[in-house]
Amino acid sequence: MQHVEASAPEGDTVASWYEKATVRYTQRILIPERSSGELLYPTARSIVCDHPLVASRGSTVQSYILAQAAYQFLYGVGLLETKFVIDCSLNILHNHIKGVGDVDKLQALTVIIDEGYHAYVALDYIVQMKQKIGVEPLLVPESNWKLDAAARASASLPESMRMDFQLLAVTLAENVLTAEIASLGKEKEIARSFARVMGDHVLDEGRHSKYFAKLLKSSWARLPRETQETFRAMVPGYLDDFLGVDLNRAFERKVLAAQGFSAEEIDRIVDDTQERFVAEHQDAREKTKVRLVALLKQVGVLGLSDSIARQ
Ligand SMILES: [Fe+2]
Ligand SMILES: [Fe+2]
């Protein structure tokens, strides 16, 4: 009987996972007792905190607003991982996304493990926050803007294209998530424990981003021309929708109302900060679009001369 030597998986992805995956060696991240008085989430990420009407109410109100922003961010990360990235990885594993070999399926399993762990860390952090700062989340979301945008785009497609679209959408989402957690982890005012959650997460996301981009590149070449053209045509609109935000700022209004601000005060706080809110959002969106267009060109989804950054 012929002895077959197991060859190293392409690119040593599995060896790299054993060596580097944070789930394999990371200790539980604990929020220290509140005595430090440290804010868990940076004020730069919640512009209403600087408004005179909010600042005049003192640090307890500001901490509450920041805690709610942190909860939304952490819940959002968990939702994206468990409802979108893990789902896509399972579809790869179960051949609903076609043409993926066993070595790449092996890596899909590492993504499922990593993402399950990231969602676990995020929820563990939420549970600790509730215990240690005594603030309950105002809202436990079941979806968010990005997931809704992906669902809208998927629903607009014929059933036969949805799985391939999911791979495209997850490749983009992983890239965006990686950049978001990297940038949040670098904020100056952030709690050390929160920065560690972000820092560990980024270590894994770099591998995931490369994996999905590589998979998208090889699967793109196999897609029927009709599917390629449909996806190409929908990319500009999809990026705008996916990278959008709620310009009415319903959640911030809800948080302010929970702190006893009147409807008039809330309108004033939101109106006074709206220009900065819109400008910061547009700036971030345009930068992200430039990066995603470069990624889509690199994997062949867009042609080298395509430009959609200003649409
Ligand atoms: Fe993750
Ligand atoms: Fe990931």
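**Cavity.** I began with the largest cavity: 14 residues line it, and His118, Val121, Ala122, Val197 and His201 lie nearest its centre. The elements giving two or more residues to this lining are α3 (59–93), α4 (102–133) and α7 (192–222). Helices here are DSSP runs (H or I, at least four residues), numbered from the N terminus. By class I noted nine nonpolar, four polar and one charged residues in the lining. Ala, Val, Leu, Ile, Met, Phe, Trp, Tyr, Cys and Pro count as nonpolar, Asp, Glu, Lys and Arg as charged, and the others, Gly among them, as polar.

The space in the largest cavity is about 100 Å³, and the search of the whole structure found one cavity of 30 Å³ or more. A cavity is a set of points, on a 1 Å grid over the protein atoms alone, where a 1.4 Å probe fits but cannot get out; lining residues have an atom within 4 Å of a point. Points are joined across faces, edges and corners, and the volume is the space filled by probe spheres set on them.

**Basis.** The model is predicted: local features need pLDDT of at least 70 and side-chain atom pairs count only at pLDDT 80 or more, while totals for chains, interfaces and linings use all residues. Residues are numbered from 1 along each chain as its sequence is written, chains are lettered from A and ligands numbered from 1 in the order written, and side-chain values use heavy atoms, without hydrogens and water.

**Iron ion (ligand 1).** I listed its protein donors as Glu81 (OE), Glu81 (OE), Glu115 (OE), His118 (ND1), His201 (NE2) and Glu205 (OE), at 1.9 to 2.7 Å. Donors are N, O and S atoms within 2.8 Å of the metal (3.2 Å for Na, K and Ca); water is not among the atoms, so sites may look incomplete. The six donor atoms subtend angles of 50 to 166°, which makes the arrangement irregular. Six donors count as octahedral if opposite ones are over 155 degrees apart and all others between 65 and 115. Glutamate 81 is in helix α3 and histidine 201 in helix α7, so this pair ties together parts 120 residues apart in sequence. Both glutamate 81 and histidine 201 are buried (under 20% relative accessible area; exposed is over 50%, partly exposed in between; 1.4 Å probe, protein chains only).

Glutamate 174 and histidine 208 are both buried.

**Salt bridges.** I counted 17 salt bridges (a side-chain nitrogen of Lys or Arg within 4 Å of a carboxyl oxygen of Asp or Glu). Aspartate 104 pairs with lysine 214 at 3.3 Å, N to O. This pair links helix α4 to helix α7, 110 residues apart. Aspartate 104 counts as buried at 17% relative accessibility, and lysine 214 as partly exposed at 36%.

Aspartate 200 meets arginine 196 at 3.9 Å; both lie in helix α7, four residues apart, about one turn of the helix. Salt bridges that share partners join Asp50, Arg276 and Glu280 into one network.

Conventions. 1 Å grid on protein atoms, 1.4 Å probe; cavity = no way out; pocket = protein on both sides within 12 Å on 5 of 7 lines; lining within 4 Å. Tetrahedral: all angles 85-135°; square planar, octahedral: opposite > 155°, others 65-115°.
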